[in-house]
Amino acid sequence: MLRGVTAVSMDGKGRLAVPKRYRELLHSSCDGLFVCTIDHQYPCLLLYPLQEWERIEQKLSRLSSFQPAERRLQRLLLGHASECEMDSQGRLLIAPSLRDYAELESKVMLVGQYNKFEIWHAPHWQQQIITDTQFQAEDPTALSVRLSELSL
């Protein structure tokens with residue numbers, strides 16, 4: 001399970017170090033193999049362990065290429081998907097086009113989301129937290145059916 005938020009550095013070559021607390025789990029579960037793609041709704045990247053990404057690909061393969069919205073989603077997620085492998089020092093090389101999309105620089109935020117990580121440019125992450133918090137405070141009753149049934 002991938003959870004928590006960690007500030008990590010990205011070097012000049014576009015490599016980021018996966019926090020040590022995740023490395024053993026990720027080596028045993030996916031042999032350090034990942035797929036990174038864009039998030040089609042937010043200015044961040046999605047980093048999936050390979051087996052999780054393969055589940056996403058199966059779902060995407062069932063969408064129709066004749067439906068414009070479905071084709072757009074396939075194009076965005078599959079078209080930007082880039083394989084990456086954790087090296088012996090626990091680093092991942094993020095493709096330049098993906099770094100450009102998310103405006104990643106030297107300081108990035110790695111955000112665990114159960115089965116994947118989000119990778120954010122640190123200032124964008126801070127702004128997103130402010131936006132999400134304000135939205136929730138403005139109208140806490142504007143919940144989906146599933147959220148209204150969720151008890152924490």
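Arg 55 and Glu 52 both belong to helix α2 (residues 50-61), where three residues, about one turn of the helix, separate them. An α-helix has 3.6 residues a turn, so residues three or four places apart point the same way. The two side chains meet in a salt bridge, with N to O at 2.5 Å.

Arg 55 is partly exposed, its relative accessible area being 47%. Glu 52 has a relative accessibility of 17% and counts as buried, because the cut-off for buried is under 20%.

## The other salt bridges

The structure is a predicted model, and a search through the whole of it finds three salt bridges. Side chains of opposite charge can pair when their charged atoms come close.

Asp 11 is partly exposed at 27% relative accessibility. Arg 15 is also partly exposed, with a relative accessible area of 22%.

Arg 91 forms a salt bridge with Asp 87, and their closest N and O atoms are 2.9 Å apart. Both residues fall in the partly exposed class: Arg 91 has a relative accessible area of 21%, and Asp 87 has one of 24%.

## Helix α5 and its two faces

Helix α5 (residues 122-138) is made of 17 residues. From its first C-alpha to its last it reaches 24 Å, close to the 24 Å expected at 1.5 Å a residue.

Ala 122, Trp 125 and Gln 128 are buried residues of α5. They lie on the same side of α5, because they cover an arc of only 115 degrees around the axis. The cover over the buried residues of α5 includes β1 (5-9), β7 (107-112) and β8.

What does the face of α5 turned away from its buried side carry? On that face are the exposed residues Phe 135, Ala 137 and Glu 138.

## Confidence of the prediction

The protein has an average pLDDT of 91, and 94% of the residues score at least 70. Confidence is highest in strand β8 (residues 117-121), at 98. This strand is also among the elements that cover the buried residues of α5. Helix α6 (residues 145-148) is where confidence is lowest, at a mean of 69.

Conventions
Residues numbered from 1 in each chain as written. Predicted model: local features only at pLDDT ≥ 70, side-chain atom pairs only at ≥ 80, totals over all residues. Heavy atoms only, no water. Salt bridge = Lys/Arg side-chain N within 4 Å of Asp/Glu carboxyl O. Buried < 20%, exposed > 50% of the residue type's maximum accessible area, 1.4 Å probe, protein only. Helix = DSSP H or I, 4+ residues; strand = E, 2+ residues; numbered from the N terminus. pLDDT = per-residue confidence, 0-100. Expected span 1.5 Å × (residues − 1). Arc of directions from axis to C-beta. Contact = heavy atoms within 4.5 Å.
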